[in-house]
Amino acid sequence: MINGIKIDMYLLLSTVLFIIGAIGVMARRNTIILFMCIELMLNAVNLLLVAFSVLHKDASGQVFVFFIMAVAAAEVAVGLAILTMIYRNIKSIDTDLLGNLKN
Amino acid sequence: MIKSAALIPLFPLIGFIINGFFGKKLSKGLSGTIASLSIFASFVVSVGVFMELQGLAQKENVVNVFSWINSDTLKIPFEFLVDPLSTVFLLIITGIGFLIHIYSIGYMHDDEGFARFFTYLNLFVFFMLLLVLGNNFLITFVGWEGVGLCSYLLIGFWFKNTAYNNAAKKAFVMNRIGDLGFLLGIILIFVTYGSITYTEVFRNASLGSSSTVTAIALLLFIGAMGKSAQLPLYTWLPDAMAGPTPVSALIHAATMVTAGIFMVVRSNVFYSMSHVASDTVAVVGVVTALFAATIGVFQTDIKKILAYSTVSQLGLMFLGLGVGAYSSAVFHVTTHAFFKALLFLGAGSVIHAMGGEQDIRKMGGLKGKIKITFVTMLIGTIAISGIFPFSGFFSKDEILAHTYDHSPLLWLLGMLASMLTAFYMFRLLFLTFYGKFRGTHEQEHHLHESPSSMTIPLIVLAILSVVGGVLGLPEFWHMPNWMHNNLEQVILRPNYSTLSHATEWTLMTLAVCGALAVIYFTYLMFMKYKVKPADNEEQLRPWQRLIYKKYYVDEFYDFVIRKPLDGISNVFYKFFDKEIIDGLVNGVGAAVKGMGSGVRYLQSGNIGFYVMSMTLGVVFIILLTFLYK
């Protein structure tokens, strides 16, 4: 029970967000949307960690969230750099066009 | 000196190694000298060994070289047996080998494969020495196979010619057929006596059952048939004339082909014990002698005539072995080595003078142009025809006398073969050296006597052919028969002649008169009435053509053996090799390719697909973890 809401609800929300993010990564072609979905997955995990940290009154969960956020930020920076390079090469951000390793 | 008998084969081996590895870098003179000197060194040691053996009472001396095969039940040391038989053969091999090496320096002078020739010659002498020195059947077999190999290398010496290569292959394959019999014989000996050392086996020979001994003797004789060119494994010898003439002289006249005789004499106890085997040997020998002699009558190539003559004389030697006249056969081996090597080397000299021509129809009147060759060949021809007092007379007469003792019919056939020998040899002599020259103009200008490196061996061999008879003077002349006395301890069950002196005199006179009559007839035919051999086949009558074509034996072998073998190997090639085995191997390849083409769709290049498969994989693993809790 956190603030009057059952822990199951947090679990459910986090799972749903994660699945939306996962499916988005699998199914979307736009690279920026792809990054957004990745961020969504990371944040879903963050939510879950914080919820359980409050439940068990253990600060380690929230400390871990800090780490994840820092890593996510760095990863976004790198990801956008890669996106820029891809755009320079194929003048588009459609991942379907990145098929040179095909067969 | 006997203790250092191991040196005898060592010198040619060293010569082989030096000429083999460095021959190209050495000058021709040096290469030939090294090869000849190594044989001469072996000869010197052989003489020393021989002299020492003469003084000893114990004639059986085993010299251990090294411990070779050493397992629990099978112990075969590498030992040499120095006894009267091996020393006689040692002297023949090294002595005549040395003369032929000297001759080859002159004969092969212009050949670019000079060093290679001497390498092979030295290797051959090495193996032949192993053959006669070995104290067990295995070392002899090693030498046996080795000389077969060298024969192949030397017959096909001018390897750029396909016909010569085929002749070399033919010799080797036919030898191998005989070797199968030889090997089976050795195995049977081992199974029966538990050992293959000569000294042990022959001492215990009577322990074997009569049928086993017969089987052993016959199997060993099959080996001898292949090596010594007896019916039916003789067709390789005439074809082997494709090799250089010194090769024909050394291998196919004086040494390798006598290996079969050596082996039978060595194993004489088996043949003495088994009448079936010795009768087989005698019959095969005399039939071969007669058969080959008839073919020799119609041949027109000087070397082929001598080749068939060799087959015929070997047949006579086997006839001698078959009737128990072992020392006579060895005696004939010795004298035959003298005059046959002489004849071959002389033929080489003639071919050299004729610039490579070997057809006697194109020769004639050479006696004025190449005097030394003529005189020496004349001596050789008289010797082989068995005219007193040349060496051939004594050895041939001994064999024929022992044959008459055993069976007059075989004696008659042997006599016929001898008379035919006189005929075709004098035919060769008259057509080559007498009459008018029948060759081309350039050949006539080219005619010249051979260099002394070639004529000196001829002279030495001619002297030996003349005086060689003293080695085996007939006993009924109250003269010592050295060869017989020498080999006494080697022949384990001698049979002595039961002929009266009168009979022996009659046989001897018949032989000489027969030979002289034939020679006179030949003289009339070729000198007085100037009969010439037909220029081409069409001029021959049917029976003559049959013999000229060597009774179509080669064609018969072709039809009966080679064609079925070709058919079988064709089936194996087309069906088994191409379809089944290739199919299997190609099938594996095709299967991999098929699997690959299926799996390759996983690499779609679509990143979403990769992520999905990754996700599915992780999910799957987690599920598994929960399932297997």
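Reader: Which domains does the domain assignment of chain B give?

Author: The model is predicted, so keep that in mind throughout. For chain B the assignment gives domain 1 (274-548) and domain 2 (553-627). The C-alpha centres of domain 1 of chain B and domain 2 of chain B are 66 Å apart.

Reader: Why is Ser38(B) called buried?

Author: Count its neighbours. Ser38(B) has 27 other C-beta atoms within 10 Å. The cut-off for buried is 20 or more. Therefore Ser38(B) is buried. Ser38(B) is found in helix 2 (residues 28-55) of chain B.

Reader: What is Ser38(B) in contact with, leaving aside its neighbours within four places in sequence?

Author: Phe11(B), Pro12(B), Ile14(B), Gly15(B) and Asn122(B). Take Asn122(B): 84 residues separate it from Ser38(B) in sequence, and 8.1 Å in space, C-alpha to C-alpha.

Reader: What makes Val512(B) count as partly exposed?

Author: Val512(B) has 16 C-beta neighbours inside 10 Å. Buried needs 20 or more, and exposed needs 12 or fewer. The count of 16 falls in between, so Val512(B) is partly exposed. Val512(B) is found in helix 22 (residues 501-528) of chain B. Its contacts, leaving aside neighbours within four places in sequence, are Ile387(B) and Phe388(B). Ile387(B) and Val512(B) are 125 residues apart in sequence, yet 6.0 Å apart in space, C-alpha to C-alpha.

Reader: How do you know that helix 17 of chain B and helix 18 of chain B are roughly antiparallel?

Author: Look at the angle. The axes of helix 17 (residues 391-406) of chain B and helix 18 (residues 408-433) of chain B cross at roughly 155°. Angles over 145 count as roughly antiparallel. Therefore these two helices, helix 17 and helix 18 of chain B, are roughly antiparallel to each other. Their axes come within 6 Å. By class, the contact of helix 17 with helix 18 of chain B has six nonpolar, four polar and one charged residues.

Reader: Which residues meet there, in helix 17 and helix 18 of chain B?

Author: Lys396(B), Leu400(B) and Tyr404(B) are among those from helix 17 of chain B. Helix 18 of chain B brings residues including Pro408(B), Trp411(B) and Met415(B).

Reader: What makes helix 8 of chain B mostly covered?

Author: Of the 18 residues in helix 8 of chain B, 14 are buried. Helix 8 (residues 210-227) of chain B reaches 26 Å from its first C-alpha to its last, close to the 26 Å expected.

Notes. Residues are numbered from 1 along each chain as its sequence is written. Chains are lettered from A and ligands numbered from 1 in the order in which they are written. This is a predicted model: local features need pLDDT of at least 70, side-chain atom pairs count only at pLDDT 80 or more; totals for chains, interfaces and linings use all residues. Helices (H or I, at least four residues) and strands (E, at least two) are DSSP runs, numbered from the N terminus. The expected span of a helix is 1.5 Å times one less than its number of residues. Domain bounds come from an automatic or database domain assignment. Axes are lines fitted to C-alpha atoms, for helices over the stretch in contact, and angles run from 0 to 180 degrees between N-to-C directions. Angles under 35 degrees count as roughly parallel, over 145 as roughly antiparallel, 65 to 115 as roughly perpendicular and the rest as oblique. Two residues are in contact if their C-beta atoms, placed from the backbone, lie within 7 Å. Ala, Val, Leu, Ile, Met, Phe, Trp, Tyr, Cys and Pro count as nonpolar, Asp, Glu, Lys and Arg as charged, and the others, Gly among them, as polar.
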